[in-house]
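The following note sets out numbered points on the structure shown below.

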Amino acid sequence: MLRIQAPGATGAREEIKMDELARAAALHRDALVWDSHACVPLHPDADLGALARHRAAGVDFVSINIGMDMNPLTQIFTTLASFRTQLRGRPDLFVPVEGAADVERAKAAGKLAVAFDLEGSVPLCERPEMVQLFYDLGVRQIHLAYNRNNSIGGGCYDDDVPLSALGRRIVAAINDAGMLMDCSHTGYRTSMDVMATSRAPVIFSHANPLALAANGRNIRDDQIDACVATGGVVCVNGVGRFLGDPDAGTAAIVRHVDYLVQRVGAEHVGLGLDYEYAHGLDDTPPGLDRAHWWPPAHGYGPEGARIRIAAPEQFPEITAGLLDLGYPEAAVRQILGANMLRLARQVWRPRSSG
């Protein structure tokens, strides 16, 4: 039986009764559940059928990564071509996403809506017009730097630099295309500049409060506040290191959600577990320097060392945990997915016919 540690408690745990579990299960089935970020091997032979685990866990939408700053365009485009073909070829399981209505259609049909995201702006080749191309291919959110600095702005594990003049043009192109502007993995000054520059709501698709776990990937309170000032949403991830719980337990996820809710309200909080499906495929870019992108000084282990990340199967537990803290059902629905659906309706635009 699921047990959740209430924030601020000193060891006391309350057992969720069977009727409460039944209530949580019913709410989870009925609510729209949105995972703002997950990872599949960046390889054209990766089988998206693995995402059936998300659907079985009651998830209705998931955004999957199709490239990071270190991935060459040949890898990104062959992977993207494969993923698009697989989504179209499995109408029994998937609904490829162009707009928010596709997410709602998937929910109604008991299927999984899938869109793509880019982690970093290097694949844009310093050309703002590349944003629209990626949007037309199904990319619905992007952040500008993956851990390290580039010509657009700063990464969270590098020197703290501002958004560049080119970066401001890229942000404008992202707004114009109707893509969600994401600040995960981004350095402090760049993220604050992005949020001051963007004409549309900004999200953190998978980022946790620094106040609860000290790591450069986590975000300060003023970053949280700046995101909310744009009308955006902060989505808690399930990475053990960023939760302050090596086991990536559900109680730790709920604690981070509750911190955000107490600070900015349930209408600005979401979930993006950042789960990585098992590889079995070599998707390592040529000449990759792992210590550069994932610095040991920030707690990353050697190649092959796995980071514990909360699994999709924990989504129903999160629902139960929030109810156990006394959250109203309306607030739980917002956190599970209604907040991100609201932003998708506001930001995403019909695909360009050009």
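1. Axes are lines fitted to C-alpha atoms, for helices over the stretch in contact, and angles run from 0 to 180 degrees between N-to-C directions. Helices (H or I, at least four residues) and strands (E, at least two) are DSSP runs, numbered from the N terminus. The model is a predicted one, in which local features need pLDDT of at least 70 and side-chain atom pairs count only at pLDDT 80 or more, while totals for chains, interfaces and linings use all residues. Residues are numbered from 1 along each chain as its sequence is written, and side-chain values use heavy atoms, with hydrogens and water left out.

2. Helix packing. Two packed helices are described by the angle between their axes and the distance between the axes. For helix 8 (residues 221-229) and helix 10 (residues 250-264), the axes come within 11 Å and cross at roughly 60°. This crossing of helix 8 and helix 10 is right-handed; a crossing has that hand if the near helix is turned clockwise from the far one by less than a right angle, and is left-handed if anticlockwise. Helix 8 contributes Asp221, Ile224, Asp225 and Val228 to the contact, and helix 10 contributes Tyr259, Leu260, Arg263 and Val264, where contact means heavy atoms within 4.5 Å. By class, the contact of helix 8 with helix 10 has five nonpolar, three charged and no polar residues. In this scheme Ala, Val, Leu, Ile, Met, Phe, Trp, Tyr, Cys and Pro are nonpolar, Asp, Glu, Lys and Arg are charged, and the others, Gly among them, are polar.

3. Histidine 256. Helix 10 also holds histidine 256. Histidine 256 is buried, at a relative accessible area of 0%; buried means under 20% relative accessible area, exposed over 50%, and partly exposed in between (1.4 Å probe, protein chains only). Not counting residues up to four places away in sequence, histidine 256 touches Asn208, Pro209, Leu212, Ala213, Val236, Phe242 and Leu243.

4. Strand 10. Both faces of strand 10 (residues 233-236) are covered, with Val233 and Cys235 buried on one side and Val234 and Val236 buried on the other. Strand 9 (residues 202-204) pairs with strand 10 in the parallel sense over two bridges; two strands pair if DSSP finds at least two bridges between them. Phenylalanine 204 has valine 234 of strand 10 as its bridge partner. Strand 10 and strand 11 are likewise parallel, over three bridges, and valine 236 stands opposite leucine 271 in strand 11. A right-handed β-α-β unit is made by strand 9, helix 8 and strand 10. A crossover is right-handed if, with the strands pointing away from the viewer, the path from the first strand over the helix to the second runs clockwise.

5. Strand 6. How many residues of strand 6 (residues 112-119) are buried? Eight of its eight residues are. Leu112, Val114, Phe116 and Leu118 lie on one side, and Ala113, Ala115, Asp117 and Glu119 on the other. Six bridges join strand 6 to strand 4 (residues 61-68) in parallel, with serine 63 opposite alanine 115. Strand 5 (residues 94-96) runs parallel to strand 6 and is joined to it by three bridges; proline 96 has valine 114 as its bridge partner. From strand 5 the chain crosses through helix 4 (residues 100-109) to strand 6, and this β-α-β crossover is right-handed. Four bridges join strand 6 to strand 7 (residues 139-143), again parallel, and aspartate 117 stands opposite glutamine 141. The crossover from strand 6 through helix 5 (residues 130-136) to strand 7 is right-handed.

6. Isoleucine 76. This residue lies in helix 3 (residues 73-89) and is buried, with a relative accessible area of 1%. Its C-alpha atom is separated by 6.0 Å from that of isoleucine 66, ten residues apart along the chain. Leaving aside neighbours within four places in sequence, isoleucine 76 is in contact with Ile66, Gly67, Met68, Asn71, Pro123 and Phe134.

7. Backbone points for checking. Histidine 185 has a positive phi of about 65° although it is not a glycine. Histidine 185 sits in the loop between strand 8 (180-182) and helix 7 (188-197) and is buried, at 5% relative accessible area. Aspartate 274, also not a glycine, has a positive phi of about 70°. The loop between strand 11 (269-271) and strand 12 (275-276) holds aspartate 274, which is buried at 8%.
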